[in-house]
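Trainee: May we examine this protein together, one question at a time?

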Amino acid sequence: MPLCLECEAELAPPAQPRISEVFECPECLCELEVVALEPLLIALAPEVEEDWGE
C-alpha cells in the first residue's frame, strides 16, 4: 500500500486507478495524483494556477 508523500499515512487509492486521477490523503488532505499503474506510483498533484484571461 503506498504512503502519503506529505504525512506518510497509508493510502487507499481508488479501486481501479487511472493515470492522472487525483485523490486526497485521508490524514492530511493533500491532493495526490496517480502517475503510473504498474507499479502504482503517486506524486503530489500540481497546484491549480489562476488563469487571468491571458
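The dialogue below treats the strands, their pairing and the surface.

Mentor: This is a predicted model, in which local features need pLDDT of at least 70 and side-chain atom pairs count only at pLDDT 80 or more, while totals for chains, interfaces and linings use all residues. Residues are numbered from 1 along each chain as its sequence is written, and side-chain values use heavy atoms, with hydrogens and water left out.

Trainee: Which pattern does the protein follow along the sequence?

Mentor: Helices (H or I, at least four residues) and strands (E, at least two) are DSSP runs, numbered from the N terminus. The protein has zero helices and three strands. Read along the sequence, the pattern is therefore β-β-β.

Trainee: Which residue stands opposite Phe 23 in E2?

Mentor: Two strands pair if DSSP finds at least two bridges between them. E1 (residues 22-24) and E2 (residues 31-36) pair in the antiparallel sense over three bridges. Opposite Phe 23 stands Leu 32.

Trainee: What is the bridge partner of Val 34 in E3?

Mentor: E2 and E3 (residues 41-44) pair in the antiparallel sense over four bridges. They form a hairpin with four residues between them. In E3, the partner of Val 34 is Ile 42.

Trainee: Which residue in the turn between E1 and E2 has a positive phi?

Mentor: E1 and E2 form a hairpin with six residues between them. The positive phi, about 65°, belongs to Leu 29.

Trainee: What percentage of the residues count as buried?

Mentor: Buried means under 20% relative accessible area, exposed over 50%, and partly exposed in between (1.4 Å probe, protein chains only). Of the 54 residues of the protein, the buried share is 24%.
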